[in-house]
Amino acid sequence: MRPGLVIYLYGDLGAGKTTLVRGLLAALGYLGKVKSPTYTLLEPYRVDELDLRHFDLYRLTGEDEWESAGFRDEFDGARVLLIEWPEKAAGLLPAADINIHLAIGGTGRSATLQSNTETGDQCLKQF
Ligand SMILES: Nc1ncnc2c1ncn2[C@@H]1O[C@H](COP(=O)(O)OP(=O)(O)OP(=O)(O)O)[C@@H](O)[C@H]1O
Ligand SMILES: [Mg+2]
């Protein structure tokens with residue numbers, strides 16, 4: 001994790017996107033509760049010097065809601081963005097450094113990680 005990293009999380013309902021974010025925050029040392037941003041659309045976290053924003057855009061109704069919620073201001077280039085259902089805000093989001101695709105496989109999950117940028121490459125190389 002580094003400031004400004006943008007991660008899109010793809011996968012069907014129940015594929016494990018929120019669970020992955022929980023694991024990631026726990027791995028960073030976050031001790032608090034991690035709620036799914038199902039209705040709030042956004043939950044903020046701070047771990048040491050790292051500012052993170054966890055979005056679940058499944059219920060986003062469109063650009064008007066996006067603008068009135070002030071989500072554009074969340075993209076300051078320093079915050080880590082973890083975005084579930086990025087396809088619901090196509091054209092409104094900053095580009096992803098990393099795409100993660102999750103799929104249900106029996107009782108487990110499979111994950112495909114793909115980097116689009118130099119920053120994303122560096123992150124995945126250390127994974
Ligand atoms: N890696 C995993 N192995 C087994 N079960 C998992 C795994 N990841 C998630 N689950 C289970 O799948 C269920 C749904 O997970 P989760 O809420 O993370 O999905 P989601 O992709 O965020 O769904 P939504 O699109 O509705 O937000 C939970 O009950 C969770 O415990
Ligand atoms: Mg979720």
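Setting aside residues within four places of it in sequence, Gly-11 makes contact with Gly-16, Lys-17, His-101, Leu-102 and Ala-103. Keep in mind as you look around that this is a predicted model.

Gly-11 sits in the loop that links strand E1 (6-10) to helix H1 (17-28). Is Gly-11 buried or exposed? It counts as buried, because 20 C-beta neighbours lie inside 10 Å and 20 or more is the cut-off for that label. Not every part of the chain is at hand, though: Phe-71 is 60 residues away from Gly-11 in sequence, and their C-alpha atoms are 22 Å apart in space.

Ala-103 stands opposite Ser-110 in E6. Strand E5 covers residues 98-105 and strand E6 residues 108-115, and the two pair in the antiparallel sense over eight bridges. Together E5 and E6 make a hairpin, with two residues between them. In the turn you will find Gly-106, which has a positive phi of about 60 degrees.

Which residues come nearest to ligand 1? Of the 15 residues around it, they are Gly-16, Lys-17, Thr-18, Thr-19 and Arg-109. The elements that supply two or more residues to this shell are H1 and E6. H1 gives the most, with three residues. Sorted by class, the shell around ligand 1 holds three nonpolar, eight polar and four charged residues.

Definitions and conventions:
Residues are numbered from 1 along each chain as its sequence is written. Chains are lettered from A and ligands numbered from 1 in the order in which they are written. This is a predicted model: local features need pLDDT of at least 70, side-chain atom pairs count only at pLDDT 80 or more; totals for chains, interfaces and linings use all residues. Two strands pair if DSSP finds at least two bridges between them. Helices (H or I, at least four residues) and strands (E, at least two) are DSSP runs, numbered from the N terminus. A residue is buried if 20 or more other C-beta atoms lie within 10 Å of its own, exposed if 12 or fewer, and partly exposed in between; C-beta atoms are placed from the backbone. Two residues are in contact if their C-beta atoms, placed from the backbone, lie within 7 Å. A residue is near a molecule or strand if its C-beta atom, placed from the backbone, lies within 6 Å of it. Ala, Val, Leu, Ile, Met, Phe, Trp, Tyr, Cys and Pro count as nonpolar, Asp, Glu, Lys and Arg as charged, and the others, Gly among them, as polar.
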